[in-house]
Amino acid sequence: MFRLREYTIEPDLEPDAEPIAFTGQCAVCGRLGPTGEGGGHLTGWMLAHLRAHPDHLTYREIITRPYRAVPGRWL
Ligand SMILES: [Zn+2]
């Protein structure tokens, strides 16, 4: 026998949450740059990738944001 419980999903803002992480990606070849907190490292990686591949002119920023399930009332 078990009981069902309602949950809501929300961004995890608790102190022990995983950090929000940023990764650059080349939109031409799909190669991923390093993942880090904050976005300061993205453009440096993109410029280095562009120097190695001069025809790779478009990029993406991938943001990884932690979420958590918050328990609610028992059904
Ligand atoms: Zn590329």
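I started from Trp45, which is found in helix H1, where helices (H or I, at least four residues) and strands (E, at least two) are DSSP runs numbered from the N terminus. The model I am reading is predicted, so I note that local features need pLDDT of at least 70 and side-chain atom pairs count only at pLDDT 80 or more, while totals for chains, interfaces and linings use all residues. Residues are numbered from 1 along each chain as its sequence is written, and side-chain values use heavy atoms, with hydrogens and water left out.

**Entry 1: Trp45.** From Trp45 to Arg68 I read 31 Å in space, C-alpha to C-alpha, for 23 residues in sequence.

**Entry 2: the sheet.** I traced an open sheet of three strands in the order E3-E2-E4, with antiparallel pairing; two strands pair if DSSP finds at least two bridges between them. Strand E3 (32-37) and strand E4 (59-64) are the edge strands, each pairing on one side only. On average, neighbouring strands of this sheet are turned by 20 degrees against each other, direction ignored; axes here are lines fitted to C-alpha atoms, for helices over the stretch in contact, and angles run from 0 to 180 degrees between N-to-C directions. Helix H1 (residues 42-52) packs on the sheet and touches E2, E3 and E4, its direction making about 15 degrees with that of E2.

**Entry 3: strand E2.** I followed E2 (residues 21-26) against E3 and found antiparallel pairing over four bridges, with Gln25 having Leu32 as its bridge partner and Thr23 standing opposite Thr35. The two strands form a hairpin with five residues between them, and Gly30 in the turn has a positive phi of about 85 degrees. Against E4, the antiparallel pairing of E2 runs over six bridges, and Phe22 stands opposite Ile63. I then checked both faces of E2 and found them covered, with Ala21, Thr23 and Gln25 buried on one side and Phe22, Gly24 and Cys26 buried on the other.

**Entry 4: the zinc ion.** Which residues coordinate the zinc ion? I found Cys26 (SG), Cys29 (SG), His49 (NE2) and His56 (ND1), at 2.1 to 2.4 Å; donors are N, O and S atoms within 2.8 Å of the metal (3.2 Å for Na, K and Ca), and sites may look incomplete, since water is not among the atoms. Along the chain these donors follow the spacing C-x2-C-x19-H-x6-H. The arrangement is tetrahedral because the four donor atoms subtend angles of 106 to 118 degrees, four donors counting as tetrahedral if all angles lie between 85 and 135 degrees.

Notes. Four donors count as tetrahedral if all angles lie between 85 and 135 degrees; four count as square planar and six as octahedral if opposite donors are over 155 degrees apart and all others between 65 and 115; anything else is irregular. Contact means heavy atoms within 4.5 Å. Buried means under 20% relative accessible area, exposed over 50%, partly exposed in between (1.4 Å probe, protein chains only).
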